[in-house]
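Q: Hi! Could you walk me through this one before I set anything up?
A: Happy to, let's look together.

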Amino acid sequence: MMNLQGRGYLLTEQVNPDSLNLDQLSSIELVELFNREDAKAVAAVAAAKVQLAEAIERIAERLQHGGRLFYIGAGTSGRLAVLDAAECPPTFCTPPEMVQGIIAGGAGALVRSSEDLEDNAEDGEAAIAQRQVTQLDVVVGITAGGTTPFVHGAMSAARSRGATTIFIACVPAEQVTCDADIDIRLLTGPEILAGSTRLKAGTATKLALNILSTGVMVQLGKVYGNRMVDVAVTNQKLRDRALRILQDLTGLSREAAGFLLERSGKWVKLALLMHWTGLEKEEGLKLLSEYQGNLRAAVASYKNNSQS
């Protein structure tokens, strides 16, 4: 896995020839340089589109059968893993256990650097065992430089348990290999600040995780058009968003939309179904259940049956 001569051979550790004079740049020159380099993160994600699409399909299929999605990483990669997982319940009303982020060192490592903890492969294995990962689950290992023992230990343990494994790294496969079902390489190149993978590598990783989690939730029927119809209405901001979605898609006044939202138990998806079909809450819940929560399919089925 790792070259005994050190890590200098890794793409993420190499020196960027375009930033050799970084300490001599003016503020505007520094910002312009960052802007040019950050564009490479977007291009790196685009180059991995086939693997990302395959990952979306594999993850969605597993979650539809009761599986869970685990992101696992250390340092910046781990923090991004936890961030993406934490955003799923409020955005898509998923149960907290459906998408989980695991970071080396646990919750404390989110706010205080504990990068030394990434060197223990056994801790990665233990994290997988602790969560009782099975063949229904998907484990996504994230490591910018590709060599993190904590992540490789977790991936090995996940494979031994029959889980689907996905590897995300910012170095080419010929530099670091990993036996995974899907191998995603985000080749962002050397960082402006040599070796600081919280920069382009971190940006590309965040972009990729955005695509994975959102793509999966779209396939799970948690989106209608481009609206988050499974949004959790837990504060004033989210209630306002829910009401605007209802108003936009139904043409109702804000007051009527609020009444509909309350009748549905504050579930936008159910509120829309009730409005479009005339069904009451319990009947609507039953219909949605028959179509695994897919609003478009449920409404289409109701209308087809009504016309026949």
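**Helix α9 and beyond**

A: Helix α9 (residues 268-277) is largely enclosed by the rest of the structure, because eight of its 10 residues are buried. Buried means under 20% relative accessible area, exposed over 50%, and partly exposed in between (1.4 Å probe, protein chains only). Helices (H or I, at least four residues) and strands (E, at least two) are DSSP runs, numbered from the N terminus.

Q: What kind of model is it, and how are residues numbered?
A: This is a predicted model, where local features need pLDDT of at least 70 and side-chain atom pairs count only at pLDDT 80 or more, while totals for chains, interfaces and linings use all residues. Residues are numbered from 1 along each chain as its sequence is written, and side-chain values use heavy atoms, leaving out hydrogens and water.

Q: Thanks! Which helices do the buried residues of α9 pack against?
A: They pack against α7 (236-250), α8 (254-263), α10 (281-290) and α11 (295-307), where contact means heavy atoms within 4.5 Å. Just after α9, G278 has a positive phi of about 80°.

Q: Switching to electrostatics: how many salt bridges are there in the whole structure?
A: A search finds 15, each a side-chain nitrogen of Lys or Arg within 4 Å of a carboxyl oxygen of Asp or Glu.

Q: Which residues does E37 link up with in its network?
A: E37 is in a salt-bridge network with K40 and K200. The E37 and K40 side chains meet at 2.9 Å, N to O, and for E37 with K200 the closest N and O atoms are 2.7 Å apart. E37 lies in helix α1 and K200 in helix α6 (residues 200-219), so that pair ties together parts 163 residues apart in sequence.

Q: And is E37 buried or exposed?
A: E37 is buried, with a relative accessible area of 3%, whereas K40 is partly exposed at 35%. K200 is buried.

Q: OK, strands now. What does β1 pair with?
A: Strand β1 (residues 69-73) pairs in the parallel sense with strand β2 (residues 99-103) over five bridges. Five bridges also join β1 to strand β3 (residues 138-142), again running parallel. Two strands pair if DSSP finds at least two bridges between them.

Q: Which way do the β1 residues point?
A: L69, Y71 and G73 point one way, F70 and I72 the other, and all are buried. In a regular strand the side chains alternate between the two faces of the sheet.
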